[in-house]
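Colleague: I am new to this structure and would like to learn how to read it. Could you walk me through a few features with me asking as we go?

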Amino acid sequence: MDILRFTTAGHVDDGKSTLIGRLLYDSKAIHQDQYQSIERASLGQGDGAVNLALVTDGLRAEREQGITIDVAYRYFSTSRRKFIIADTPGHIQYTRNMVTGASTAELAIILIDARNGVLQQSRRHGFIASLLQIPHVLVAINKMDLVDYSEEAYRNIVGDYREFVERLDIDDVVFIPISALKGDNVVEPSKRMDWYRGPTILHHLETVKVGAGRNVVDFRFPVQYVIRPGQRFRGYAGRVASGSIAPGEDIVALPSGKESRIRSIVCMEQDVQRARAGDSVVITVEDNIDIGRGDMIVRRRNKPLVTRSIDADICWMSEEPMNTNRRWILQHTTRNVQAAVGNVIYRMNIDTLHRETADALGLNDIGRIEFELADPLFVDAYRVNRETGSFILIDPDANNTVAAGMIRGAAQHVPPVGRTPAMERLVSPGVVWDELFIAREARERRQGHQAAVLWMTGLSGSGKSTIARALEKRLFEQGVRTMSIDGDYVRHGLCGDLSFSEADRAENIRRVGETARLCFEQGNITICALVSPRRRDRAYPRHVIPEGRFFEVHVDCDLETCKRRDPKGLYKKALDNEIRDFTGISAPYEPPEYPELRLQTDALSVQECVDRVVAMLAAQGIIPSTA
Amino acid sequence: MRNLHLERLESEAIYIMRETAAQFERPCLMFSGGKDSLVMVRLARKAFWPAPIPFPLLHVDTGHNFPETIALRDRLTREIGARLIVRTVQDSIDQGRVKEEEGPNASRNLLQITTLLDALGELKTDAALGGARRDEEKARAKERFFSHRDRFGQWDPKNQRPELWHIFNGRKRPGEHFRIFPLSNWTELDVWEYILMQDIEIPSIYFAHEREIVERDGVLLAKCDYVSLANGEAWTRETVRFRTVGDMTCTGAIRSPAATLEEIIEEVASARVTERGARADDLRSEAAMEDRKRQGYF
């Protein structure tokens, strides 16, 4: 006998609770006293019939309101299988509940009312099932008794939903016409729908393949707990997240990278010969290497991605909207790291499946976000490994779980949707891009150095322009071809039409980024010095310049020092409210999470700063190291 | 024969126990001597083998226990070298923390909440492992594996953390604690099958035996010093067994000839009454369990 975990999704009126009640009742999982208790409660509702839906209605508050508000778990078994149902309410505001229920499910039952056909919420449930990578979906078209068991009504809904599901990432979808109330095709085949020859709900649940979502290839063993009863034994306790391992096989521990070999797999009764996905075991290794909770044991030739940034789909579960300036605790397998939002790429409108511009996510929102991490994680894409591709975010102050995350991979600095429309670069109508007459590579060969873009960002008065000028002079003297774009220069002329609003600042950066690109493509080391306070704005130039050629330099200086320097008298004006939206005073500055270089100008001299930039360019092979 | 679903449940429970030991400073295992807590002890031994169980067992003793339960408790803890801590409702009464109920239906079931919370506070327990299962009662169906309790030990069904995949968030503020239920996904039948598979010793009162009982409001109560007869009642001798081993004043027996584990499993598999159905305290009101849980009951 094995276990199938499944989840049920449907609107209150779709008959979800009745279906579960029917499954439990017909499979004899409702005991006599439970039945009496719902009989008593049904009397209170005064509609005469025993209300099977009451079986699943747990808490008193819900019973009073007549709705379920949280995930409830039910159990029943037949001679073939044990079943665990995660019963989740289908209201729009309870996306988080369905995500929770779906996270451990191998099958989802999506209920559709035959009278209403495919509604938005049916699509939403399909989308979540796809997002959470539930291997099997069963679409139960319910209340067939109310459409006279019409085959045509059934076929129409199947056609509509199939068309929708094809746009999603679901391998296995089965449709079954039922009446939960009358019991048609739930446990017993219906006598009133002889046109339907497929399985009943229960038959499908009993025979669908379990374990289809489990990764049996990639061995991943997150260490939970170190077992050390004395000096002579040291074992690593954990549950095999995926794959399998046997004594004698070579392993490597992450993050240390130390290699060893499995000595034994210990269990109380007797040692085991192979530990497989889902097994809780204790592993001992041949060598005395340092491994602790949060480390991961993997095979030498099959390692997960080790990364300090991730790109993930997020379901926000907290009443309080996401604050993108905060740090979160990210819990992944047995490992906790600090995480900060690097980039909100989009929010998914789960009714239209359109990607929308977003600054942050609110309760029940689903979106795609890049995070920067304080320490590395060992991850796989959620699509290939649910165990090592999933995580939660925890609010470090309130301690509650605020989000569920599904990893796509390392962050790629994907441009946010809608924020900088020119990420799909703006092109005037009717123009054609020809390759440059002299290719950049040819110029680079001739001049003996590579082209690059240096992007100096920092508060006003931090020293960007001063360093940029000194740097350009040094490079010029060494025979390097340079170009310089200063924030104040572009505000005269090129960007003179722009204000300091959020949108205009973004446009300013876009124009400078494009200008820098033109200079770059003609072989220049192009030095841009702009406050450029927003991370997502700075993502634009990074996006249009090839990887390895864009250098973000954080000219870092504390605000007080900048105020004291105040070379242009701007801070004084800002503090006197003569200038609005002044970065550092009345507008935010978002420091780069991982700049290529950080220069602390309150500690370094101008020459030292220039030395560091030159050293970085040499080390990266942009300029010859003797230059 | 491999029993795949029991192996999965066992593996899950062991995983939860290890998470508890790793995430908390002072966990304890709630031990009643009943079959569920005996299964919990077996799982805890397996989870940390070959090391001993890294946390103590805590027994809240109502003083109205079946003597068979206490004898087994003491023998078991001696055998496996576990640390046992016993706190008694009698002490709470003597200290004036609670007042004994009176009348023929007097029970110490409610009083033990105070003793439990006092003990958890005294031991500075930040995680109490319990053997409760979601299938036992409606109010438990939404219970978490890691169930957060506020400073007063109270459970707020609206303020529980979502539990996703197998990632458990045990972070808390000082003074708060967690109740942790590794057997959440088990059913009564799973517990019995596991006891059989693992050959776990359980108190003899689970098996059919002859005993003097009185039937009250549909519940069969055992003859003991703590149950007194009301008007018109009389002791009768019958073949019964118990499905739970709580307080003798409210734990009902069932008429049953099941004298072996196999017979019990057969009986449970075809049972028409849930095991809590034999507990008088749950019949007091429809939402009885939910009320007790809010106050800190297990």
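Colleague: Let me start with one cysteine: does Cys562(A) count as buried or exposed?

Modeller: Cys562(A) counts as buried, at 0% relative accessibility. Buried means under 20% relative accessible area, exposed over 50%, and partly exposed in between, with a 1.4 Å probe and protein chains only. Before we go on, this is a predicted model, in which local features need pLDDT of at least 70, side-chain atom pairs count only at pLDDT 80 or more, and totals for chains, interfaces and linings use all residues. Residues are numbered from 1 along each chain as its sequence is written, chains are lettered from A and ligands numbered from 1 in the order in which they are written, and side-chain values use heavy atoms, with hydrogens and water left out.

Colleague: How many disulfides does the structure hold?

Modeller: A disulfide is a covalent bond between the sulfur atoms of two cysteines. Here the criterion is a pair of cysteine sulfur atoms within 2.5 Å, and the structure holds zero disulfides over all chains. For Cys562(A), the closest cysteine sulfur is 3.8 Å away in Cys557(A), too far for a bond. Cys528(A) is buried, with a relative accessible area of 0%.

Colleague: Which strand is joined to β27(A) by four bridges?

Modeller: Strands of a sheet pair through backbone hydrogen bonds, either parallel or antiparallel. Two strands count as paired if DSSP finds at least two bridges between them. Strand β26(A), residues 550-556, runs parallel to β27(A), and His554(A) stands opposite Arg598(A).

Colleague: What is the strand order in the open sheet of seven strands in chain A?

Modeller: The order is β7-β15-β11-β12-β14-β9-β8, with antiparallel pairing. β7(A) and β8(A) stand at the edges with a single partner strand each, so one side of each is left without a neighbour in the sheet. From one strand to the next, the twist averages 40°; axes are lines fitted to C-alpha atoms, for helices over the stretch in contact, and angles run from 0 to 180 degrees between N-to-C directions. Inside the sheet, β11(A) and β12(A) form a hairpin with four residues between them, and Gly257(A) in the turn has a positive phi of about 80°. The bridge partner of Ile251(A) is Ser260(A) in β12(A). Four bridges then join β12(A) to β14(A), where Ser264(A) stands opposite Thr284(A).

Colleague: Which helix of chain B lies across β8, β9 and β14 of chain A?

Modeller: That is α1(B), residues 4-23, running at about 65° to β14(A).

Colleague: Where does Ser532(A) lie?

Modeller: Ser532(A) lies in the loop between β25(A) and α12(A). Ser532(A) is buried, with a relative accessible area of 3%. Its contacts (heavy atoms within 4.5 Å) beyond neighbours within four places in sequence include Thr457(A), Ile509(A) and Tyr589(A).

Definitions and conventions:
Helix = DSSP H or I, 4+ residues; strand = E, 2+ residues; numbered from the N terminus.
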